[in-house]
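Hi everyone, thanks for making time for this. I'd like to walk you through one model, so please have a look at it before I start.

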Amino acid sequence: MEKPEIVSAEQWDAARAELLSAEKELTRALDRQAALRRRLPMVRFAEDYVFDTPGGDKSLLELFEDRGQLVVYQFMDNGPDEYCPGCTYFTDNVPETALPALARTGVTWVTVSNMPLTQIEAYKARRGWTLPFVSSHGTSFAKDCGAEGGFLLSVFLRDGEDVYRTYGTTARGVDRLVFANSILDLTPYGRQEDWEDSPPGWPQHPTYG
């Protein structure tokens, strides 16, 4: 297995300083992007969905749990006894201990899937997940969000009894939220996936392979 070049401490400091400059530029760009996101308009969203939850049927408004903001991850439904490896990896990386911190700032997190609740509960038990997970089976919620048969992260804001959608992202927009990926991106070998731009000889394999 190939390894990074060995250099002197002075050379390493110089190379690290060059990368730090690029990192700071990216941080400022992300700050500007977040500022634009906070200025997005919002759109009125339907409220007549009925979600199947371990505590009984709930409306979209009830998923807020009396907080002002709701973040929803739509977990793909691949059919009976089939589970999306990407959604599984993402859910494995949701820091459940952070959910109370989100709640303290008025944000509720819920994972939603078109899978029937019995299938969700069985998979939760198998994976050891305890985070909130509800079923949108039989509703148009995923389609109305734009997830269709895929995965998606959506953000909602409530104003009294009215619910609005303020943000949505999928693909690499969701990817950047994964804790393990963020750490792996700091390591010499990265995620070791074959789409990455790595030096020759670096270990790589297909994504989820």
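Where does valine 178 lie? Valine 178 is in the loop between α7 (172-175) and α8. A quick word on those labels: helices (H or I, at least four residues) and strands (E, at least two) are DSSP runs, numbered from the N terminus.

Before going further, some ground rules. This is a predicted model, in which local features need pLDDT of at least 70 and side-chain atom pairs count only at pLDDT 80 or more, while totals for chains, interfaces and linings use all residues. Residues are numbered from 1 along each chain as its sequence is written, and side-chain values use heavy atoms, with hydrogens and water left out.

Now the overall picture. The protein chain has 8 helices and 8 strands, and its C-alpha trace spans about 65 × 40 × 30 Å along the principal axes. Of its 209 residues, 35% are buried. Here buried means under 20% relative accessible area, exposed means over 50%, and partly exposed is in between (1.4 Å probe, protein chains only).

Back to our valine. Is valine 178 buried or exposed? Valine 178 has a relative accessible area of 4%, so it counts as buried. Setting aside residues up to four places away in sequence, valine 178 touches Tyr89, Phe90 and Asn93; contact means heavy atoms within 4.5 Å.

Let's follow one of those partners, phenylalanine 90. Leaving aside neighbours within four places in sequence, phenylalanine 90 is in contact with Tyr73, Trp109, Leu153, Val174, Leu177 and Val178. Phe90 is also one of the buried residues of α3, together with Gly86, Cys87, Thr88 and Thr91. That buried set packs against β4, β5, α5, β7 and α7.

In soluble globular proteins, nonpolar side chains tend to be buried together. I'm calling a nonpolar core a set of buried Ala, Val, Leu, Ile, Met, Phe, Trp, Tyr and Cys residues joined through side-chain atoms within 4.5 Å. The largest one has 22 residues, and those with the most contacts inside it are Tyr73, Phe75, Phe90, Trp109 and Leu153. At least two residues of this core come from each of β4, α3 (85-92), β5, α5 (117-127) and β7 (152-159). The top contributor is β4, with 3 residues. Another core, of 19 residues, lies apart from it, and includes Phe45, Leu61, Leu63 and Val163.

Next, strand β5. How many of the 7 residues of strand β5 are buried? In β5 (residues 107-113) 7 of the 7 are buried, so this strand is largely enclosed by the rest of the structure. In a regular strand the side chains alternate between the two faces of the sheet. In β5, Val107, Trp109, Thr111 and Ser113 point one way, Thr108, Val110 and Val112 point the other way, and all are buried.

What does β5 pair with? Two strands pair if DSSP finds at least two bridges between them. Strand β4 (residues 69-75) runs parallel to β5, joined by 7 bridges, with glutamine 69 opposite valine 107. Strand β6 (residues 133-135) also pairs with β5 in the parallel sense, over 3 bridges, and there serine 113 stands opposite serine 135.

On to charges. A salt bridge here is a side-chain nitrogen of Lys or Arg within 4 Å of a carboxyl oxygen of Asp or Glu, and by this rule there are 9. One of them joins arginine 44 to aspartate 162, with the closest N and O atoms 2.9 Å apart. That pair links distant parts of the chain: arginine 44 is in strand β1 (residues 43-44) and aspartate 162 in strand β8 (residues 162-169), 118 residues apart.

Another pairs lysine 124 with glutamate 121, the closest N and O atoms being 3.9 Å apart. These two are 3 residues apart in helix α5, so about one helical turn separates them. Lysine 124 is buried, at 11% relative accessible area, whereas glutamate 121 is partly exposed at 31%.

Finally, aspartate 185 and arginine 191 meet in a salt bridge (2.9 Å, N to O). Aspartate 185 counts as partly exposed at 43% relative accessibility, while arginine 191 counts as buried at 8%.
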